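Here's a quick tour for anyone opening this structure for the first time. Have a look at it, and then we'll walk through some of its charged side chains.

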Amino acid sequence: MTRGPVSEQAIAWAVALAAVRGTVYDFRKQRECPCDFQIVSSSGIAFVRVKRTRCLHRTAEELGAECRDHVLRLRAVPRAPAVTRELWICSRSGRWRFFRVTDTGLDEIPGPVPALPAGSPAAQTVA
């Protein structure tokens, strides 16, 4: 169950991360869209949904259960070799965990950006 829309701050941090990977197309104004934004690059297309959580240090299964609606929306995106469906989860302090949404669960992936300035909330990932 969600407590409302993702904060604008979390979206801003996520878009800063995404911009390093390619061109970002924002879809947040479309209520039924499966993603918050899309990243288009020469390596493919990523559909990304952002979720803020109070407890980032949980298993992928626990986080997937908390984000069930987001995961189901992303699974509605058709699979293709050049398409990924990603769930980006952020803590209040700006720490991140990134997951690829598969048909059976969530696979954690390394943070998309090591190149942002140190100390910037968008550059902090959970180790």
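This is a predicted model: local features need pLDDT of at least 70, side-chain atom pairs count only at pLDDT 80 or more; totals for chains, interfaces and linings use all residues.

The side chain of Lys-51 meets that of Glu-66 in a salt bridge, at 3.7 Å from N to O. This pair ties together distant parts of the chain: Lys-51 sits in strand β3 (residues 44-52), Glu-66 in helix α2 (residues 60-66), and they are 15 residues apart.

Glu-66 is partly exposed, at 22% relative accessible area. Its side chain also forms a salt bridge with Arg-58, with 2.0 Å between N and O. Arg-58 is partly exposed too, at 23%. Put together, Lys-51, Arg-58 and Glu-66 make up a network of salt bridges.

## Another link across the chain

The structure has six salt bridges. One of them joins the side chains of Arg-21 and Glu-86, at 2.9 Å from N to O. Here, too, distant parts of the chain are linked: Arg-21 belongs to helix α1 (residues 8-21) and Glu-86 to strand β4 (residues 83-90), 65 residues apart.

## How confident is the model?

The average pLDDT is 81, and 80% of the residues score at least 70. Over residues 114-119, though, pLDDT is below 50, and this stretch has six contacts beyond near neighbours in sequence. Residues 122-127 also stay under 50, with 21 contacts beyond four places in sequence.

Conventions:
Residues are numbered from 1 along each chain as its sequence is written. Side-chain values use heavy atoms; hydrogens and water are left out. pLDDT is the predictor's confidence in each residue, from 0 to 100. Contact means heavy atoms within 4.5 Å. A salt bridge is a side-chain nitrogen of Lys or Arg within 4 Å of a carboxyl oxygen of Asp or Glu. Helices (H or I, at least four residues) and strands (E, at least two) are DSSP runs, numbered from the N terminus. Buried means under 20% relative accessible area, exposed over 50%, partly exposed in between (1.4 Å probe, protein chains only).
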